[in-house]
Amino acid sequence: MIKRVFLLLAVFSSYTSFSQDFSNKGKDFWVGYGNHVRMFNAGGNEAMQIYLTSDVNTTGNISISSIGFSQNFTVTQNQVTVVNIPRSAALLDEGLYNHGIHITAQKPIVAYGFIYVNAVSGATVFLPTNTLGKNYYSLNYTQVSNENNSYSYFFVEAVDTGTTVVEITPSQNTKKGWLANVKQTINLTQGQIYQVLSAVDLTGSIVKSVASGNAGCKK
């Protein structure tokens with residue numbers, strides 16, 4: 001079993017504001033199609049599904065503007081709706097991608113992601129945009145696999161308009177040459193994602209949004 005973490009300038013935060021609702025139920029989500037070992041092995045046979053549910057009837061949309069994907073959905077009260085995500089939205093390696101997956105709904109929903117192939121799978125609960133933060137430590141796991149290219153990973157996704165400036169300090173050397181404990185700065189626009197991969201456990205990596213010019217820190 002491959003264990004993985006999705007980081008949407010988002011998860012595993014120490015919340016300091018008391019005015020927000022930190023429920024995983026919401027009407028707006030930004031998510032991504034993260035790493036899976038079969039992206040490097042066996043011809044990329046993995047697939048991603050998004051599961052949507054609610055305690056009320058509602059409708060919504062999932063869009064990925066970079067690949068022209070848009071699908072409306074209907075959620076029936078206390079039932080689960082499944083949407084298949086095109087593999088062309090997958091984050092296939094370390095680096096920058098434009099493949100932010102935007103989920104919107106008319107009434108609050110709960111959303112989950114599932115990436116799988118055969119017995120190798122991983123799942124995550126998505127957090128709505130209004131709960132996301134600006135400063136995180138990544139929580140990962142040492143990968144134990146009988147396959148090559150089994151990476152520890154996290155990714156960061158910008159959800160606000162304009163430019164989001166992000167400092168990433170990986171706790172280990174990364175697949176494409178970032179050195180452990182050396183701060184890297186990247187600029188993201190809404191829906192852009194930067195994915196970090198390492199052959200060793202990335203726990204303790206720091207992701208921080210910083211102010212740029214007259215603009216404050218963004219989610």
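**Close-up views of an all-strand predicted model**

The structure holds five aromatic pairs. This is a predicted model, in which local features need pLDDT of at least 70, side-chain atom pairs count only at pLDDT 80 or more, and totals for chains, interfaces and linings use all residues. Residues are numbered from 1 along each chain as its sequence is written, and side-chain values use heavy atoms, with hydrogens and water left out.

**View 1. Tyrosine 153 and phenylalanine 155 form a stacked aromatic pair.** The ring centres are 6.5 Å apart, with 25 degrees between the planes. Rings of Phe, Tyr and Trp (its six-membered ring) pair if their centres lie within 6.5 Å; planes under 30 degrees apart are stacked, over 60 edge-to-face, and the rest tilted. Tyrosine 153 is buried at 2% relative accessible area. Phenylalanine 155 is buried too, at 0%. Buried means under 20% relative accessible area, exposed over 50%, and partly exposed in between (1.4 Å probe, protein chains only).

**View 2. Tryptophan 178 stacks with tyrosine 194.** Why does this pair count as stacked? The planes lie at 0 degrees and the centres 5.0 Å apart, so the pair is stacked. Tryptophan 178 sits in the loop between β11 (163-169) and β12 (184-189), and tyrosine 194 in strand β13 (residues 193-198), so the pair ties together parts 16 residues apart in sequence. Tryptophan 178 is buried, with 13% relative accessibility. Tyrosine 194 is buried, also with 13%.

**View 3. Tyr51, Phe114 and Tyr116 make up one aromatic cluster.**

**View 4. Four strands form an open sheet in the order β9-β14-β11-β12.** Pairing is antiparallel. Two strands pair if DSSP finds at least two bridges between them. β9 (135-137) and β12 stand at the edges with a single partner strand each, so one side of each has no neighbour in the sheet. From one strand to the next, the twist averages 20 degrees. Axes are lines fitted to C-alpha atoms (for helices over the stretch in contact), with angles from 0 to 180 degrees between N-to-C directions.

**View 5. β9 meets strand β14 (residues 206-210) over three bridges.** The pairing is antiparallel. Asparagine 135 has lysine 208 in β14 as its bridge partner.

**View 6. The protein chain has zero helices and 14 strands.** Both are DSSP runs numbered from the N terminus: helices (H or I) of at least four residues, strands (E) of at least two. Of the 219 residues in the protein chain, 52% are buried. Among contacts (heavy atoms within 4.5 Å) with a separation of 6 or more, 73% join residues 24 or more positions apart.
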